[in-house]
Amino acid sequence: MARSREKNKGRFAAPRRFTSRALVLAVVVFTVGTTAFGLQATGALKAPRQDWSWSLPQGFPQPRVPAKNKMSRAKVEIGHRLFYDTRLSGNGTQSCSSCHFPELAFTDGRTTPVGSTGDVLARNAPSVANSAYHRTFTWANPALTSLESQMDVPLFGTNPVEMGINDKNKKKVLGRIKRDPWYAKRFPRVYRWSKKPVNWFNIIRSISAFQRSIVTGTSKYNRFLRGKAELTSSERSGLNLFMGEDGECHHCHGSFIFEDQATYIGAADERLKFHNTGLYNVGGTGAYPFGNRGLFEITGKKKDMGAFRAPSLLNVARTAPYMHDGSVKTLMDVVDIYARGGRLITEGPYAGDGALNPHKNPLISGIKLSEQDKKDIVAFLRTLTEMDYSKDPRFADPFK
Ligand code: HEC
Ligand code: HEC
């Protein structure tokens, strides 16, 4: 037991006594099940179990869900509320949704966000929609392989501070959640094995389950795949460029969620991919700006300079500005950079020609595109927009 807990290190270890307690509970229910009290208890115990079924869009495989955090409707409901609850930050000013707005497909429209205590973050906020399918999280960190482990960053991170929960205020923050009767009623039903159900593990489990639940398949492109929508000729020509060998886009954005790290039940665990797309070439040295050098920040290896995850392009029309540092304003600008084979920065501290970056992925070699071709690619990218999540009660701010 001790060994497996160690292997599991970090905050997200398994609840040790889960199996034995569940067994004890099952026996109790079985023996007192016929009395009035027993029936009530049975109902309360049964409710949150195995009541989750994915309604997956065409072409979307079954997501992987960690064994320690099975999906349930009641759990997703708790996570939904917590995601929007500003009491979950040290100073009570920020929730997850402060940087992940539902109306912007859970991004925030800013170049880079500002944390609860004023720290400016280095990277652009990515969408949390469809995150059930990501193999790694954030822009370039192969170690963050679950939503659960990712959440340590916004909750407890100190460099930079996001939600600002630390050893000093941890108890106080938990107290705010515990004292709310809405949570007090629901946590014990979902986390029946926990002595103190309102704890950080269970908060993290709930929010992760909510994030996993955000899969809708309502985009025009998905409707087109189902034979329920027609693409315009411009969108169709954009699709062909995107998927064809002229555009090369599909090599890195070719999966059902338009990224190359997607995971799901039955997926092969290929080598993780991170790519330098020639956004920078500071002083002609191949460097990216300090603190934003991609995989290099973690491995220190030259070949990883400027290597980032290819983000999912679902909802991309709503997630401007673009790239890991939010330095590209529009989709047309993105396409222009790909067409050129990298970005040219002519002045300032980051001046340099990204097209000549020695670490650049060879697929980013410049593409001959007419103005109409570029417009077509953008038109196609716009067909990847899912529903406005702020308009669906399953995802919208429950405090509004
Ligand atoms: C102050 C702004 C801010 C807050 C608050 C915030 N995030 Fe984020 N989030 C970001 C940024 C910026 C990134 C990208 C970080 C990086 O790549 O280094 C990110 C990344 C993520 C990712 C990874 C998505 C992906 O595609 O890899 C998830 C999931 C996520 N946040 C969930 C949450 C949750 C859950 C909360 C609340 C507990 C939260 N965030 C609070 C700014 C924020
Ligand atoms: C070699 C792999 C690769 C190829 C080929 C590629 N991309 Fe990308 N794409 C990436 C990576 C990596 C990023 C993030 C780069 C960064 O932030 O530094 C990205 C970012 C983007 C973004 C910004 C998304 C966001 O949320 O910020 C868009 C849009 C995009 N690519 C579209 C395209 C299109 C259109 C093509 C074809 C013309 C294409 N990509 C070809 C790897 C690739």
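Ligand 1 has 29 residues around it, and Cys96, Cys99, His100, Arg123 and Thr138 come nearest. The model is a predicted one, so the contacts described here are computed from it.

Some polar contacts to the ligand can be picked out. With His100, a polar side-chain atom sits 2.9 Å from a nitrogen atom of ligand 1. Thr138 uses its backbone instead, placing an N or O atom 2.6 Å from an oxygen atom of the ligand. Gln150 has a polar side-chain atom 3.4 Å from a nitrogen atom of ligand 1.

The largest nonpolar core counts 82 residues, and Leu82, Leu88, Phe106, Phe187 and Leu381 have the most contacts inside it. At least two core residues come from each of helix 4 (73-83), helix 6 (152-156), helix 7 (170-179), helix 8 (181-190), helix 9 (200-212), helix 11 (233-243), helix 14 (331-340) and helix 15 (371-382). Helix 9 is the top contributor, with six residues. Domain 1 (47-215) and domain 2 (220-382) each put at least three residues into this core. In soluble globular proteins generally, nonpolar side chains tend to be buried together.

Leaving aside residues up to four places away in sequence, Phe106 touches Phe83, Tyr84, Cys99, His100, Phe101, Pro126, Ser127, Val128, Ala129, Ile214, Tyr389 and Phe395. Among these, Cys99 and His100 are also listed with the residues that come nearest to ligand 1.

Methods: Residues are numbered from 1 along each chain as its sequence is written. Chains are lettered from A and ligands numbered from 1 in the order in which they are written. This is a predicted model: local features need pLDDT of at least 70, side-chain atom pairs count only at pLDDT 80 or more; totals for chains, interfaces and linings use all residues. Side-chain values use heavy atoms; hydrogens and water are left out. A nonpolar core is a set of buried Ala, Val, Leu, Ile, Met, Phe, Trp, Tyr and Cys residues joined through side-chain atoms within 4.5 Å. Buried means under 20% relative accessible area, exposed over 50%, partly exposed in between (1.4 Å probe, protein chains only). Helices (H or I, at least four residues) and strands (E, at least two) are DSSP runs, numbered from the N terminus. Domain bounds come from an automatic or database domain assignment. Contact means heavy atoms within 4.5 Å. A residue is near a molecule or strand if one of its heavy atoms lies within 4 Å of it. A polar contact is a pair of N or O atoms within 3.5 Å; within protein, one must be able to donate a hydrogen and the other to accept it, and residues adjacent in sequence count only if both atoms are side-chain atoms.
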